[in-house]
Amino acid sequence: MTDVTDPLDVTDPLDVTVRHPGDGTAVVTVAGDVDLHTAPILRAHALAVVERGARHLVLDLARVDFVDSTGLSTLIVLAHATREAGGSLRLADVPGRLLRMVTMTGVSELLPVHPSVDHALADRTAGPSD
């Protein structure tokens, strides 16, 4: 299993990096606000990762300061895209203020929320093999 870090365009107002721990899984680390202006950036990067073969995504949200309704909608779009690819989307290290929003809006019922990326990856590998 290789662990390769693949930084994406750092000129984007949203910092998105991807690493591939293997087994069709990618960890997408997001830093900044996910809002009307930046949600399309996250969506484009994450969908490109799925198109390149990573069916299972873990979104590391530890460094996300704010998510608006467009950002929440993007999470749902990514959940559907990974499911259509035969995979899954998991949220990891969601800051408290964002966790409250994810819970209040019901998004947490659609997407597993994990305390850390390691927990999300362990949960993924403990699931049925595909």
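**A tour of the cavity and the salt bridges**

Start inside: the lining of the largest cavity is made of five nonpolar residues, one polar and no charged (Ala, Val, Leu, Ile, Met, Phe, Trp, Tyr, Cys and Pro count as nonpolar, Asp, Glu, Lys and Arg as charged, and the others, Gly among them, as polar). Before you click on, note that this is a predicted model, where local features need pLDDT of at least 70, side-chain atom pairs count only at pLDDT 80 or more, and totals for chains, interfaces and linings use all residues. Numbering runs from 1 along each chain as its sequence is written, and side-chain values use heavy atoms, with hydrogens and water left out.

**Stop 1: the cavity**

Select Val 34, Leu 42, Leu 61, Val 67, Gly 71 and Leu 75, the residues that line the largest cavity. A cavity here is a set of points on a 1 Å grid over the protein atoms alone where a 1.4 Å probe fits but cannot get out, and lining residues have an atom within 4 Å of a point. The space in this one comes to about 40 Å³, a volume being the space filled by probe spheres set on the points, with grid points joined across faces, edges and corners. Now colour β4 (56–67) and α2 (69–84): each gives the lining at least two residues. Helices (H or I, at least four residues) and strands (E, at least two) are DSSP runs, numbered from the N terminus.

**Stop 2: strand β4**

Asp 15 sits in strand β2 (residues 15–22), 48 residues from Arg 63. Arg 63 is partly exposed at 48% relative accessibility, and Asp 15 is partly exposed at 31% (buried is under 20% relative accessible area, exposed over 50%, partly exposed in between, with a 1.4 Å probe and protein chains only).

Next, pick Asp 65, whose salt bridge to Arg 97 has its closest N and O atoms 3.7 Å apart. This pair runs from strand β4 to helix α3 (residues 96–104), across 32 residues of chain.

**Stop 3: Arg 90**

Is Arg 90 buried or exposed? Arg 90 counts as buried, at 12% relative accessibility. Its side chain meets that of Asp 123 in a salt bridge (2.7 Å, N to O). Arg 90 lies in strand β5 (residues 88–92) and Asp 123 in helix α5 (residues 117–126), so the pair ties together parts 33 residues apart in sequence. Asp 123 is partly exposed, at 34%.

Methods: 1 Å grid on protein atoms, 1.4 Å probe; cavity = no way out; pocket = protein on both sides within 12 Å on 5 of 7 lines; lining within 4 Å. Salt bridge = Lys/Arg side-chain N within 4 Å of Asp/Glu carboxyl O.
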